[in-house]
Amino acid sequence: AIPQKAPEAQRAFIARQNAAGKIQADAFAAAHPNARLVWLPDAAHTVWRSNRAAVIREMTTFMDGLPR
């Protein structure tokens with residue numbers, strides 16, 4: 001989520017970044033309908049730090065789906 005106390009310019013920048021990311025994600029999903037797309041809005045570039053639980057959950061789901 002966008003920090004409520006962030007300056008308006010920062011909030012606007014984050015909103016634009018999220019919108020651009022959504023456009024890219026939608027285009028990727030349309031081009032690769034069998035791909036599993038994980039959308040983590042407001043995640044940092046170092047997603048494993050900002051969204052640790054989500055990364056672990058998605059990696060576990062992926063690895064559990066691999067053939068044994």
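User: Which conventions apply to the model before any feature is read?

Analyst: The model is predicted, and local features need pLDDT of at least 70, while side-chain atom pairs count only at pLDDT 80 or more and totals for chains, interfaces and linings use all residues. Residues are numbered from 1 along each chain as its sequence is written, and side-chain values use heavy atoms, with hydrogens and water left out.

User: How many residues does helix H1 have, and what distance does helix H1 reach from its first C-alpha to its last?

Analyst: Helices are DSSP runs of H or I with at least four residues, numbered from the N terminus, and the expected span of a helix is 1.5 Å times one less than its number of residues. Helix H1 covers residues 8-31, which is 24 residues, and its end-to-end C-alpha distance of 35 Å is close to the 34 Å expected at 1.5 Å a residue.

User: Which residues of H1 are buried?

Analyst: The classes rest on relative accessible area: buried means under 20%, exposed over 50%, and partly exposed in between, with a 1.4 Å probe and protein chains only. In H1, the residues Ile14, Gly21 and Ala25 are buried. Isoleucine 14 has a relative accessible area of 18%, and alanine 25 has one of 11%.

User: Which residues is alanine 25 in contact with, leaving aside its neighbours within four places in sequence?

Analyst: Contact means heavy atoms within 4.5 Å. With neighbours within four places in sequence left aside, alanine 25 is in contact with Leu37 and Trp39. The C-alpha atoms of alanine 25 and tryptophan 39 are separated by 7.8 Å, although the two residues are 14 residues apart along the chain. For isoleucine 14, a C-alpha distance of 29 Å is found to phenylalanine 62, which is 48 residues away along the chain.

User: How many salt bridges does the rule give?

Analyst: Side chains of opposite charge can pair when their charged atoms come close. The rule asks for a side-chain nitrogen of Lys or Arg within 4 Å of a carboxyl oxygen of Asp or Glu, and by this rule the count comes to five salt bridges.

One of them joins arginine 11 and glutamate 8, with an N to O distance of 3.9 Å. These two residues are three residues apart in helix H1, so they are separated by about one helical turn. Arginine 11 is partly exposed at 23% relative accessibility, whereas glutamate 8 is exposed at 59%.

Another salt bridge pairs arginine 68 with aspartate 64, whose closest N and O atoms are 3.8 Å apart. Both arginine 68 and aspartate 64 are exposed.

User: Which residues are linked in a network of salt bridges?

Analyst: The network links Arg36, Arg57 and Glu58. Within it, the side chains of arginine 57 and glutamate 58 meet at 3.7 Å, N to O. Glutamate 58 is found in helix H3, while arginine 36 is placed in the loop between H1 and helix H2 (47-50).

A further reading of the arginine 36 and glutamate 58 pair uses the polar contact, defined as a pair of N or O atoms within 3.5 Å, where within protein one must be able to donate a hydrogen and the other to accept it, and where residues adjacent in sequence count only if both atoms are side-chain atoms. The side chains of arginine 36 and glutamate 58 make such a contact at 2.6 Å.

User: Which members of this group are buried or exposed?

Analyst: Glutamate 58 is buried, with a relative accessible area of 18%, arginine 57 is partly exposed at 47%, and arginine 36 is exposed at 60%. Leaving aside neighbours within four places in sequence, glutamate 58 is in contact with Arg36 and Val38, and arginine 36 is in contact with Glu58 and Thr61.

User: Which residues make the nonpolar surface patch?

Analyst: Patches are made of residues with over 30% relative accessible area and no salt bridge, like charges being joined within 9 Å and nonpolar side chains (Val, Leu, Ile, Met, Phe, Trp, Tyr) within 5 Å; accessible areas come from the Shrake-Rupley method with a 1.4 Å probe, and for residues only the protein chains shown count as cover. Here Met59, Phe62, Met63 and Leu66 make a nonpolar surface patch of about 410 Å². Phenylalanine 62 is found in helix H3 (residues 52-64) and is exposed, with a relative accessible area of 55%.
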